[in-house]
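Please examine the sequence and the three-dimensional structure shown below. The briefing that accompanies them is written for a reader who is new to protein structure.

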Amino acid sequence: MFEDAPLLGRGADGFALARLPYRKDFHGAGHAHGFLPQTMSDLGLLGLLVVLALLIAWLVAAGRTLGVRRRGSPGPDWSPERVVLAALGLCVLAYGIQSAIDWTWFIPGPTVAALAAAGFLAGRGPLAPVGATAAAEAEPRLGLARLREAPALALIGSTALVITALLCAWAVWQPQRSAAATDKAVALVEEGKFAQAVDQADKARRIDPYSADPLYARASALARAGHPVAGYRALEQAVAEHPRDPDTWLQMAQYEQRELNLPQRAVESAHAALTIDPQSPRAQQISAAAAQAVAASAPPPAKPPAP
């Protein structure tokens, strides 16, 4: 995948879908086994350069905190605090090495712990050098007093960093809120509350307009409410927005066969999914079922005329 799009990659977190035409069996893989391979396939060389720049920036900040200096330069003593900070740095390095050979960075537990350790180590600031006075060693490094002494540029950068982090956290939280609203819409469909289910699906859609799941829920609610054509329009929208996702085509194929009784259209939609993902067992099963329905609905062959 990197060879086909070396500069910009195939799109952030697009590995799972971009891999489908390349796989040679039915086994799925949501992530590459290794942070660097997936970064190269998702974001290309530009993304890899950004990642390496961030890594270098963290190494410089962590080295400043730990007192890494040229040989012969005085550095901080190996106090208990420096030992603890060095242990945190080793934990971060172990996490990074593990993520280079596996998809550990997608698991929240170790990732949050490693990020917290890396952030604390980079933001701690340099330790006092050997021979510093006790007053200098005991000087507060955090708090309002230290904040008031910080340069204006540092305050501006810190504020921008906090705002950026909050915006990123909000953006990450939106898909979860949309998924919760979608689940509620599906539950309302099962309860027979179709109008409320449509409202919940529309709410999920407003929260995360890039997900096709709310459109699936909307289509199901409208079909159960007796509006199959309107539900079909929602699936058409999902296919138009996600044409390279075989799931949108398969959802449409199943809907065409079950709700609209259009097996020939279902065959065509399933064929589109198979074109994207030829090794998909699900696409093969839906395509075979639709083909059987077409054969069953075909009129019997006409009898030859009597002589």
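Predicted model: local features only at pLDDT ≥ 70, side-chain atom pairs only at ≥ 80, totals over all residues.

Residues are numbered from 1 along each chain as its sequence is written, and side-chain values use heavy atoms, with hydrogens and water left out. The chain has 13 helices and zero strands.

**Overall make-up**

- Helices (H or I, at least four residues) and strands (E, at least two) are DSSP runs, numbered from the N terminus.
- Read from the N terminus, the order of elements is α-α-α-α-α-α-α-α-α-α-α-α-α.
- The chain has 307 residues, of which 32% are buried; buried means under 20% relative accessible area, exposed over 50%, and partly exposed in between (1.4 Å probe, protein chains only).
- Of the contacts in the chain with a separation of 6 or more, 58% are between residues 24 or more positions apart; a contact means heavy atoms within 4.5 Å.

**Helices α8 and α9**

- The axes of α8 (residues 194–207) and α9 (residues 213–224) come within 8 Å and cross at roughly 165°. Axes are lines fitted to C-alpha atoms, for helices over the stretch in contact, and angles run from 0 to 180 degrees between N-to-C directions.
- Because of this angle, α8 is roughly antiparallel to α9. Angles under 35 degrees count as roughly parallel, over 145 as roughly antiparallel, 65 to 115 as roughly perpendicular and the rest as oblique.
- The crossing of α8 past α9 is left-handed, a term used if the near helix is turned anticlockwise from the far one by less than a right angle, whereas clockwise is right-handed.
- On the α8 side the contact is made by F194, A197, V198, A201, D202, A204 and R205, and on the α9 side by P214, L215, A217, R218, A221, L222 and R224.
- Sorted by class, the contact of α8 with α9 has 10 nonpolar, no polar and four charged residues. Ala, Val, Leu, Ile, Met, Phe, Trp, Tyr, Cys and Pro count as nonpolar, Asp, Glu, Lys and Arg as charged, and the others, Gly among them, as polar.

**Helices α9 and α11**

- The axes of α9 and α11 come within 12 Å and cross at roughly 5°, which means that α9 is roughly parallel to α11.
- In this contact, Y216, A219 and A223 of α9 meet D247, T248, Q251 and Y255 of α11.
- By class, the contact of α9 with α11 has four nonpolar, two polar and one charged residues.

**Nonpolar cores**

- A nonpolar core is a set of buried Ala, Val, Leu, Ile, Met, Phe, Trp, Tyr and Cys residues joined through side-chain atoms within 4.5 Å.
- The largest nonpolar core has 12 residues in all: A212, L215, Y216, A219, A223, Y232, A234, L235, A238, V239, M252 and Y255.
- The elements that give two or more residues to this core are α9, α10 (228–241) and α11 (246–258). The largest share, five residues, comes from α10.
- Not counting residues up to four places away in sequence, M252 touches Y232, L235, E236, V239 and S269.
- Another core, of 10 residues, lies apart from the largest one, and includes L66, V92, A118 and L127.

**Individual residues**

- Q200 is found in helix α8 and counts as buried because its relative accessibility is 15%. Leaving aside residues up to four places away in sequence, Q200 touches A181, K184, A185 and L188.
- Q176 is placed in helix α7 (residues 152–190) and is partly exposed, with a relative accessible area of 45%. Q176 and I207 are 31 residues apart along the chain, and their C-alpha atoms are separated by 9.4 Å.
- A272 belongs to helix α12 and is buried, with a relative accessible area of 18%. From C-alpha to C-alpha, A272 and A283 are 9.3 Å apart in space, and they are 11 residues apart in sequence.

**Positive phi angles**

- D13 has a positive phi of about 55° although it is not a glycine. D13 lies in the segment before α1 (15–18) and counts as exposed, at 53% relative accessibility.
- N261, which is not a glycine, also has a positive phi of about 55°. N261 is in the loop between α11 and α12 (263–276) and counts as exposed, at 61% relative accessibility.
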